[in-house]
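Please look through the sequence and the model below before reading on.

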Amino acid sequence: MLTALYVPANRPDRFAKAVAAGPDVVVFDLEDAVPVDDKVDARGWAVAWIAANASGPVEVRVNAPGTPWIEDDLAAVAAVPSIRIRLPKVESAADVHAVLDQVPTAKITALIESPLGLERAFEIASARGVVAVALGEADLTSSLGVDGPEGLAWARGRLVSASRAAGLGAPMMSVFPHVNDLDGLRQTCLEGRALGFVGRTAIHPRQLSTIVECFTPTATQIADAEALLAAVDKADVALGGVIVLPDGRMVDPAMLGRARELTTLMQEIESRQPQP
C-alpha cells in the first residue's frame, strides 16, 4: 500500500471523488478536518456512505481518546463490518484496547503524536488489533519543540524500527501539508524512503502520483534485486555461504530479505494497475 487519502467527513460531496482519485485507501476524517458543530452530521454521513458505497479499503479517523466525541464515533463505526479505524493520539496499548472493547473486530492504525506515544512506539505497534502505526507529525513537532525534517529524523526512525520489530512491515509517512509544493513533497518522500518508509498519506488527490513515483522501486533497483536472487538461487547458498556477483559485490543470505521485499512490492504495485 503506497497511498492513503484523507477526505473530510463533513464534505460528502467529496467522498466519491476521493475514491475515484485512486488511492489505496480512503480515510474518512472525523477529527481535525471537522469543526465541532459538524461532528454529528459528519459521523452520520461517513458511516452511511461507507455502508452503501465503499467497495475498496477505507478507514475512519475517529476523534481522539478522551474527547467528547470518541464514544459516539466508535458506536457508529461498530455497525460497519471489518472496519478499519485510524486512532489519533495513541499513547499506550491501553488506548487501543479501549477501542477494541467497543469495536472488537476493528483493525487499527495507531497514530503516535506525542513524546510519550513515541517512547511507547513498540508497545503500541505490538498491541492486539493494530495493523499499522504512523506519526502525527504536526502535533509531534509541536510537542517535541523541533523544527523541520531534521528535528523529526529520530522520531521517524524510531517509528520504522518499532513497526518492523512488531512485524507490521514498513510504515507510511505522515501527510505533507503544502498541497501545491510538489517539489517539496517529492524531496520529503525521498527522505522518508531512505529512512525505511513505504508510501505516504495525502491530503489532496494531486499529491498521489508524486507519492507513487517516489516510493515505487526504480528499474535499476528491481534489476539488481532480481539478479541477486537469481545468483543466490543458482549458487544454492540461500542457507549459508557467500558468492561474488559479476560486478564484484559479495552477497550472502542476509542480503536476500531486502531484495525479496523490493520485488514483492513491485509485484503488488503492478497488480493494482488497470489492465488494458
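Ala-4 has Thr-201, in strand β7, as its bridge partner. This contact belongs to the pairing of strand β1 (residues 3-8) with β7, which is parallel and runs over 3 bridges; two strands are said to pair if DSSP finds at least two bridges between them. Helices (H or I, at least four residues) and strands (E, at least two) are DSSP runs, numbered from the N terminus. The model is predicted, so that local features need pLDDT of at least 70 and side-chain atom pairs count only at pLDDT 80 or more, while totals for chains, interfaces and linings use all residues. Residues are numbered from 1 along each chain as its sequence is written, and side-chain values use heavy atoms, with hydrogens and water left out.

β1 is also joined to β2 by 5 bridges, and these two strands run parallel; here Val-7 stands opposite Phe-28 of β2. Both pairings are part of an open sheet of 7 strands, paired in parallel and ordered β6-β5-β4-β3-β2-β1-β7. Because β6 (130-135) and β7 (200-202) stand at the edges with a single partner strand each, one side of each is left without a neighbour in the sheet. On average, neighbouring strands of this sheet are turned by 25° against each other, direction ignored, where axes are lines fitted to C-alpha atoms, for helices over the stretch in contact, and angles run from 0 to 180 degrees between N-to-C directions.

How many of the residues of β2 are buried? The strand is mostly covered, with 5 of its 5 residues buried; buried means under 20% relative accessible area, exposed over 50% and partly exposed in between (1.4 Å probe, protein chains only). In a regular strand the side chains alternate between the two faces of the sheet. In β2, Val-25, Val-27 and Asp-29 point one way, whereas Val-26 and Phe-28 point the other way, and all are buried.

Rings of Phe, Tyr and Trp (its six-membered ring) pair if their centres lie within 6.5 Å, and planes under 30 degrees apart count as stacked, over 60 as edge-to-face and the rest as tilted. By this rule there are 3 aromatic pairs. One of them joins Phe-15 and Phe-28 edge-to-face, at 5.0 Å centre to centre and with 80° between the planes. This pair links distant parts of the chain, since Phe-15 lies in helix α1 (residues 15-20) and Phe-28 in strand β2 (residues 25-29), 13 residues apart. The rings of Phe-28 and Trp-49 have centres 5.8 Å apart and planes at 40°, so this pair is tilted. It too links distant parts of the chain, with Trp-49 in helix α2 (residues 39-53), 21 residues from Phe-28. Phe-28 is buried at a relative accessible area of 0%, and Trp-49 is buried at 18%.

Finally, consider the whole chain, which has 12 helices and 9 strands. Its radius of gyration (taken over C-alpha atoms) is 20 Å, close to the 19 Å that the globule rule (2.2 Å times the number of residues to the power 0.38) gives for 276 residues, so the chain is as compact as a globular protein of that length. Of these 276 residues, 43% count as buried.
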